[in-house]
Every structure is written in C-alpha cells, then in structure tokens.
Amino acid sequence: MSEDGKALIFDIQRFSMHDGPGIRTVVFFKGCSLDCRWCHNPEAVKAHYELAYYADRCIEGCRDCLPSCPEQALDDRIENRVDFSRCTDCGDCVDVCPADALSLVGRRMNCEDLLGEIEKDRSFFASSGGGVTLSGGEPVLQWRFLADFLPLLRERGIHTAIETCGAYPRELIQSVAPLVDLVLFDLKIMDSDKHRQLTGKRNEEVLANLRYLAGQGAALEVRMPVVPELNTSRENIEATCRFLAEAGIERLTLLPYNHLWEAKLPRLASNRKALGIAPPDGPFYGELSETFSRMGLEATV
Amino acid sequence: MGFVFTMRTEGSEESPAQGARSHASARGLHPAAAAESPGSVRDVHPAAPVEATGSEPYMARLSRIRTALLDAPYSLCSSKAELITEYFRGHCPLPGLTRVLAPIHFKGLSRALYDNLRHGTPQSKWQIQLSNGLQSLYRELEGWSATRPLIVDYAHALAYVLERQELIIYDDELIVGNLSSQRIGAPIHPDLGGILLLAELEDLDRREVNPIRISAGQRRRLEEEVFPFWFTRSILARAPLFATDPQLQNTLMAGRRFILTQFAGISHVTPDYQSIIEKGFSGMLAEIRDAKRELHERRSRNGAGSNGPNGAGFDGTRSNGAGYSSAGGEQEGFYEAAEITLRAGIAFAERWSDRCRLEAGRCKDPHRARELLELAEIFRRVPAGPAETFHEALQSLFTAHVIVHQESFQHGVSFGRIDQYLYPYYRRDLEAGKITPGRAIELLGCFLGKAAEQLPLFNTMATEYFSGLSSASGLTLGGTDSEGRDASNELSLLLLRAYDHMRLRQPNLHLRVHPDSSAELLDLAYETLKKGGGMPAFFNDEAIVPALEKLGASHEHACDYAVVGCVEWGIARRSFPAAGAAFLSLPAVLDDILHPPKGAGASYRSMEEIAVAFEKALQYMVQEAVDGNDSIEKAHAAFRPTPFLSTIVDGCITKGRDVTAGGALYNSSGMQGVGLADVADSLTAIEQLVFEEKRLSLSELMNAVDDDFRAGPGQEKLRVRLAVKVPKYGQQSGRAEYWAARIARMYCATVRPHGNPRGGPYAPGFWTMTTHVGFGARLGALPSGRHAGRPLCDGISPANGADRFGPTASLMSAVAASGDHVANGAALNEKLDPLYLQGEAGNRLMDGLTRGYFSAGGMQVQYNIIDPTVLIDAKAHPERHRDLVVRISGYSAYFNDLTEAMKDDIIARSLHGAPGGPACMDVRPADSLHATLDVSTQVDHNADDESGSAVSVSEQAYPSADDKSGRTVDVSGQVDHNADDESDGAVENSRR
C-alpha cells in the first residue's frame, strides 16, 4: 500500500464536528476491507483511482471529452456518458472536462502533502480541542503509511482519532492503535452470517479486534451505524449489548442513517443497489436508545 | 406618540398618524400589512427578541420603544439646514459683490449640476472653469470683508441651532435628545454635500430604494432658500478650489474607479465623551481658559508669531497648512469658538431641563411625570457639570452626541469604549443601592434606541455604494487595558443584554477579543449572534494594536482603540481618523492594465510584468484619490470648521486648532481597497490558464472577458472552467491567497506613505460597506469568471460561492491578507449555518472559530447566522420581515432597507456558507454557484404575484432549508455535499 511512502486519499474535509471532539479535519483514505451495502462513501471501497462522472455538472452540448478517451468509453449522452465497462480509470478525460463532470476519485499524497493540508487548521484544533480524524474507506489498511505519518502529528501535538471497521488482521491495529489518541470503532451487526451478507465479510475478526482494543485500555468509542431494519432488530440489539458488556464497554454511539449516498451511485462504476430505506424521523432514535438503555447500555445519538 | 413641543414645525403638513401610514407604503409595504397591529410583525420573524412577557418591567418599556422605532417613518430633517441658513443670512453679511453674483451663479449653473446628478451628464469644461473662477472670487471677497474668523461664525451658528431646535420627548424614554427633528430622521447638510440631493428632492419620497418623506414646505424651503445660499459656499462647491483635477466632480460621478465621501462631511470619529461625562462642559471651559492663559504667556515670552505647540500628528510627514489657509488654524479664534459652543451646550441643557419640567406638568401619569422631573433635574447638572450617577452619565453622553450631530455630518460618530467609561458610574450606583442590573439594562436599552433614531441622507448613487441606511455609529465593548489585562466588566454584559432587547440596526456593536477575554462575555456574544442580526462583530486586540502602533500610535493609545463606524480601528478620543474618506476599486485597476490604450499593445509575458503594471496603475489611482481627498479636507479646514467636536477630540484645545485643521493628536484619513478577492482570483486565473497550463493566450482570455463570456459555448465552457477548476481566494489552495496577500500589501504600501493636509498619514483598509455593489455595477467581466455588472467581493471576504471548503479555509485565507499593514480596518463576512450552532456545542464551535482565527493573526470577523430561506421569504414578502436585521458589511441593516442588488448579494452569501471538502466527489458545479443571482431575480418577479404561488416559486428556485439548500449536511464519516443534484436541478428549472 505504501511502498512509495504515499497514501491514497479521496477527500479531506475541514471543519468537521461529528467525528471526535472539537473542530476536526477528516482525512478519508481510499480502499476498504468491507463493502457494506449501506456504505455512505461508495467511492471509498476500491483501493485505486477511479473515474466518477457527474451528469449534473455536464455542460449541455459539450462534447470536448469524447476524443480524449483512448478506450472510446465516452458517449455524448449526458445521463450516461461513461461506459464504465470499458473505462480503465486512466483519467485522460479529466483535464479536458471544463466542468469537473469527469473527475478522478483519489489522489496519492505523501506525509508532507497531507501534513500541509492538516496544518492549515492547526490553530482551530488548538482553540476548539479538535484535531485530525482518519476515516475512509478503512484507514488501517494503509497502516504502513500511518506508521510514518501518525508520529508526525503526535510530535506536533495534534490530537488524532481513527475511524475503523475492524475487519483486518490483529497486527494492523496493533501497530496503529498506540499511535492515535482515540479509536472510533464501528460495530455493525452481531450475527456473523448476516454480517457477511451485508458487508461481504464475517465479523469474527472485527469482534476480536474490538475485544483486543478494549482489553488494551485504548481510548475507544464504539459506534453503530444504524441501518433501519437491517441492524435494529431486537436480537441484534441484545447481542450487541451482551458483547459490549463482556468486553467491558459501557457506551455506544448511534450514527443516524441517511440515504444521501444513493445519489452517488450513478456516478461510479458500482454495481451496488440503492437500499430505498427512508431516514427515520425524530422519535426513532430516542426509542432506539431507550431500548439499549433498558438492556443496560448507554446509547446516545 | 409623544407630545411634540414645537418651536419650529417641519413635516407638519401631515399628522403623525398619516405619517405612519405613508411610511408603510414608502417602505414598500402592502397597505394591508401596514394596517395590522405593530405586534403582529414580531410573530413572524423567528429571530425576534425576547418578548415583553418577562417579569422584568423594563422589558415592556424597551419593547414599546422598539415597536415605536420600527413603526416610525423615515423622514427628511431639514431643520438644521434651515436654521444655519437663517443664521448666516441674518448675521454674517456677504460681501456686496457676492450678494449680486451668487444668485446669478446659482441660476446659471445649478441646472448643470442637476443634470450631472440626475442623468450623469458631465459638467462642461467652461461651466467648471466659470464656477471655479467665481469661487475664487468669493473667497477673496470673504477674506477682505471678514470681521471675525469663520470658525466663530460657525460656533454662533451652532448656538443658534441649539437655541431653536425643537425639543421632542417621546413616550417611555428615559434618555432624551433628538439627533434630528424626526423620530427617525435623515438630516440634510447643505453646508457640506447636501446639494447632492438637488436633483432628488422632487421624488425623494417616491424613489424606489429608501424613500424618505419630505413635505412640500421642506422642499420649497430647501430649493428656494437653502440651496441657493449654499450653492456657492458648501464643501461640495469649494473643494474644487484645492483640486488638482478640475474635473473632480465628473470623475466621481463616474463612480467606476474610486469614490470620495468627505464632500458629505468628515465625521468618522470617536469623540472624547468620557471627558464630558467626567468634567462637564464647565470643566472643558476651564481647560480652554488654561490653554488660553498658556498661549498668552508663551506669546509674551517668545514675542508674537509663535505657532504654538505642534502636535504629534500621525507621522507628521507633512507640515500642516501648507498651501492653504484654515479657518480653524488660528488659536484665538478657535478658543473663542469652542467657548461659544460649550456655553451654547450648557444653555441647550437648560432648555431641555425646562422642557422636561413642562412636560412633567402636563403629564397625567404620575409615574411618568416623576421620570420627567428626574430628567429635568439631571439636565440641571449635566452636561454642564460632571455626572454623578449612571443615568446622568448616559444623558450627558447622549446630549454631547446630539450636539455633535447638530454641528456636522452624522456618519460614523462613535461612542468608543462605553463599557469602560460608564462602568465607574454603574459601580458606584450599584454599591449605593441606587441601581439594579435590570434598571441599567432599561437605561442602556433606551440609549441604544436613541442612537438608532437617525439615517444618513444619501442620493440614489450613494445609496448603491452605502446601502442599508447605516449611520455607522460604533460602540465598542471588551478589550484590554494598556497592561494587556482583560478590561471587560459587568456593564459589557449588560450592554449585550440591552441590545438583545432592542435588536435595531444600529448602533454597531463591536467586541474586542484577546486571549484572556471573559468566557462569559463571549458566550453571551455568541448567544446574541445566534438569534441573527450580525452583532456584535469581533476584533482581535493582538493583531490590531500592532497595526495602530505601526501607524504611529503610542502603545498606551493603541491599546485604548475603539472601533469607528463599521470596522475601522481607531484611537479613541485622541484622533480624527476620517476613516471613511475614500474607496478604491482594485479590480478597476486590473481592468485598466488589461485594457491598455489602443496602440500601446501591452502583451504581458509573465505574471511579474502584470504585477508591475498593476502596481504602477495602482500608484496612479491612489495619487488621484489622495489629491481629490486632500482638496476636500482642505476645503473643510478652510470653510467648515467644527469647533464643538474639536473640544472633545484630544489635542485640539492644547494646540488651539480645529480638528479639520489637524488639531487632534492623531490625524489619519482612511482609504479602502475594494474587491481584493476579485483581483486575487483574476490573477490566479491568468497565472494558471495562460502561463502555467498555456491553455489559451492572455488576449484570448481578454476577448472572452470583453464578451462577458457570452459569445458562444466556448466562452461559457471557459467561464465554467474558471469557476470550477481554478482555485479561488477563500479555499486556501495557495496561489489565490498568495496574490491576495501580495496585492493587499502592495495596496497598503502604496497608500501609507501619502500624507493628508492635517499632517497625518493615509491609512489603508479593506472594508466596503456596499461599494462593492456600486463599483461592480460599473465594471465589465473579470478574468476570474465574474460576469459584468455583478457585485465585487465585500471586505476581505472571498467571492460568493468560493468559500466551499468551509469557514476555516476562508478565515485562514483572510489571515493571509491581514497584518499590521492593515491600518484602517478590514471586514470579513463569515456566514454560518444556524443548523450547526445549536446549544452549548454551537457556542464552543463559534468560540473555536473565533479564537482559532485570531490566534492565527486574523483581525476582524462578523458572523451572519441566518437561514437563507428566511431571506428569500423576506425578499418576496417584505411586510413579514420588517425587523429582520442582517449583517451587511461593518454594520447591520434592516433587510427591507437594502437595494435589490444588495438583497441578492446577501442571499447569495448565505446560500453557500456551508462547510465542505475539496477534491473529488463533491465539488459543487460552477453553475449553481454563479446562477444564484439570476435565480433571485426570478424570485422577485414572481413575488409580485398576489397568490401563494410566490412562495412555492421561491421554494422551487431556492431549495428549501432541509436537505436541498446546496448546503453540506455534515454527517459523521460521510463525504457528501447533499443535493448537488436537486439544487442544480432547481436552478436549471428556474432558468428555463
């Protein structure tokens, strides 16, 4: 992943407030070990550059990109300009497009580049008790890069958090966890078969890694991305509570579901399907955390 | 409606009740809405202040005063104009020849001025020459025939006004005094630039934007008596005598490259109200006596001819008075005049005392009668003598403020560090058990209401540049003492609370912040801001004090800075900073060098060549503006001294010299650079597309610019590329910030070495009021992709829509352009989405932003926290949002008082104030960024519909607030700028 000392990043969001304390810069790493059906960032899954096409940005009547494609993967229909089956993600069309309707998701950044982006908001980290959150994708997969990079942040006194799904061998988190100040750990669904069905992988590794982190006494926030119906069943809630109690974890953060990711699908070479789940309204989360608390787990939205 | 004690009536052709109705229609309200009870308005706006339902009785009083002020019509105040005309006609006989020539002069040439003002027809060369020739003659004749210094005439004129000005007491008020003779009045100053209204009196009450009521009698008196008299002797008339450019008036009317404001008056000052409160007018008179004695002693020691002490003017780069004579430069005359005005002030307070007693006698409500008797007693003591109580201090302060306003122009006359100098009186009363915090809020609320009772009177052109009707009275809270310790106190909090009850458009609230600022004070400020209104604004002591020191202030005086008017950091009480003197359009400079005269054939081979050409053209334009402003300031010194104001600006009494002639300890003139971000974005675009990517040649780019990017699909693609693929100032990508910083420093380094006629420096700043709209309307397209005629960027803010990487990126971009070179203020508009700011977490967020920005070197920031849908609704339905206050530039205004262009600008600002991320999945399409103004125009057309369809159209055109507004929804761990699709779709739809 990091043979050249570079990470594959697909976005950097400044002034983020929901992924750790204070004003934060969130770095989104590209490439993930899971492929969750509700994933908010479908462009994060593949560990390589990929072309994205935004039909809404395309300029009516503009055909500038067509000759630029060596694979003849471009067509002049606005709604469906890219034939993703032929596209090799070479990016030759990107520079030609004046409107950024064609763009490459992902850029390779070395420690220095990334540090430069992060340091732009350093005074706000200091003034708000914020810092950096590594997200994705699955940042831990780029652990070699992180082993170089995280110490640079620590040297500078910048608070670090990492958002992780836990689906990777223990060694990876073992090398990364000591270098961060806070681990935000996603716990999706307890039944391993269902886990495989919905995310592409069984969850034994995930649970083992979570148990390990809890055992190490790492600063840990366990979070459950709520997907109505898929992981809000009574059985799953009970199993979650049981597991966390055994691991000695007393709190759970519920991440509300939103469906905005579905708008991203047509832009990508993705065979993922829209779930068509409507975001639940207000009382839903209150009731959900009630249910958790009746089972002895403090769950907050 | 309060009882009106009428010595002179004006606007009396209408009864107050009629006035209220005609006001409603004058402000563009539907008659039906105006007929509703005043209370109904406040049910609509979500940001309405705490209602008068609380247990504290003061809330009810403040609420009633607030309603009365919101209901009051905007009216012309001509009483001062008429009184000084009367005085000069009766008491200062003109030389015989002038008496003969001046009326002929007026008859012959006023039409040319009318056409110039009304239709922009330039005045011809011979008209200008003839006029200037006659002016020189009048001046000669005046010089021969004068029996006493002009400054003494003006002192008597002020006394005459104070003896005769009607004294009006309104219901409920605990602080009295009238900034004008109307509840909300726009005074006209014929002795300064009032004649600029010459061409507009006929439809002043019918003009589209900011109609002002004028009675037939007022108009007749102004046109027949006032204007003919001042036509030949106002500042507007006399400034050309000192101008190097005889075409100055024509240049200014073009309004494309720069504008000069001080025709209208200098003002923009923080007077030493503290001394009035502490010493009273009698104390000031004693000081003048001492100064006079000293002068005589010195004279007798040194023999005649000594010029007295030469004050440590800012920098002192120029000798004062070179090449022109000043009316206020002669010491005996100055002292005599100052004494006349102070005595007149004492007599004025006695009139007020009698007036309050009389009113008390007539009052049927015994409680109110007691209040009025108390006021009568207060006026017996202040401002003649030192104040003893908090109430006395406030009344003394406001009375002095009124007198300043009766003397001269009313723009930017600021209160300074009011929580500092009033605190001892509050403390003393509190300890003596004479006051409670609630009573203090009540008194402060009354005071804030009084300060909102005036408007500037702008002609239509000036309205474009200074939309929002702000008189820009600044009021500064917080900050440090000279040792760097936090100086805020309980009164700072009480003032914010009082503001929270009033929520009027002025005065401007400014909060000085430093690392040890009280958390309680800042939290209250955030809470206050979260309800809308844009006040207070934040100022960074750590960055501003060094900038003032660099301008020449001592450390102690720099630490005592207060904000003048909008955002101009100035030395309080000791300076005459003339902070709003000039505004220069930086993009016009760029436009000039990219369009070299035919034959010059400039083709730039590198960015350096462009930068060099820009600097040269900038130097030329700054020189022009300096020459123009110098001539105006010289005219003020020669013809319109302000002796009363001079007694309350430190330095004048010691030097025996008027403020207009350099009497203050510090004397600068403010010169603002407008459109910094437009220049930075344009240079970045040229650099990237022409010189780096070599995508097209400069002349190809300029052809598209000249075609306004509208000649064919190729140009539209180019414009989209400019908008989407070229980084903008505000995104912290590097190059745009580099150019912004370089141009900012270049501008400051160009302006700063110039000296003004008062012996001080020109002080560069970056704030705009709404000059960015006026300049923008007169400028073609720019290489940044901005279309012709669109507003430029305001203050040091990024272009609308460019701030899509969130507030921290735009704040840090502003830091790049900031530094101690910015001597006269900078305004950064930062819009925040109310969605993020709820509760205590919202306060922490604002605190993190503000303190983080300041610790990095930011100088000033003002937050507009408003839901764009409210603004859109307010544009469509002004009657529902009469009290909607929005931040404009360094000041706030009622949304309804803005020009249509400015309303659109504010809406566009608020639509794209969302945090976001760079790179791949989420760059918002260019079209939606730039199409918003088109859309808003669309909304406006539809808004005229009677039916509810206007609402649905506006909701369609502007996505509604939930998840379609083009705003980012910050969802944990998710990269998405929601609804690109929906919002663009809506834009597309509305265009079709």
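Predicted model: local features only at pLDDT ≥ 70, side-chain atom pairs only at ≥ 80, totals over all residues.
## Ground rules

Local features need pLDDT of at least 70 and side-chain atom pairs count only at pLDDT 80 or more, while totals for chains, interfaces and linings use all residues; side-chain values use heavy atoms, with hydrogens and water left out. Residues are numbered from 1 along each chain as its sequence is written, and chains are lettered from A and ligands numbered from 1 in the order in which they are written.

## A nonpolar patch on chain B

Let's start at the surface, where Leu97(B), Val100(B), Ile104(B) and Leu137(B) form a nonpolar patch with about 340 Å² of accessible area together. Such areas come from the Shrake-Rupley method with a 1.4 Å probe, and for residues only the protein chains shown count as cover.

Helix α6 (residues 96-119) of chain B supplies the largest share of the patch, three residues. Leu137(B) sits in helix α7 (residues 125-145) of chain B. Helices (H or I, at least four residues) and strands (E, at least two) are DSSP runs, numbered from the N terminus. Leu137(B) counts as partly exposed because its relative accessibility is 31%, the class between buried (under 20%) and exposed (over 50%).

## Two crossing helices

In chain B, the axes of helix α28 (residues 676-692) and helix α31 (residues 735-751) come within 8 Å and cross at roughly 125°. That angle makes α28(B) oblique to α31(B): under 35 degrees would be roughly parallel, over 145 roughly antiparallel, 65 to 115 roughly perpendicular, and the rest is oblique. Axes here are lines fitted to C-alpha atoms, for helices over the stretch in contact, with angles from 0 to 180 degrees between N-to-C directions.

Two cis peptide bonds are worth a look. One joins Gly136(A) and Gly137(A), with omega about 10°; Gly137(A) lies in the loop between β6 (131-135) and α4 (143-155) of chain A. Another joins Met535(B) and Pro536(B), with omega about 0°, and Pro536(B) lies in the loop between α21 (519-530) and β7 (537-540) of chain B.

Asn210(B) has phi near 50° and is buried at 5% relative accessible area. Ala472(B), with phi of about 55°, is also buried, at 1% relative accessibility.

Note on methods
Patch = residues over 30% accessible without salt bridge, like charges linked within 9 Å, V, L, I, M, F, W, Y side chains within 5 Å. Salt bridge = Lys/Arg side-chain N within 4 Å of Asp/Glu carboxyl O. Buried < 20%, exposed > 50% of the residue type's maximum accessible area, 1.4 Å probe, protein only.
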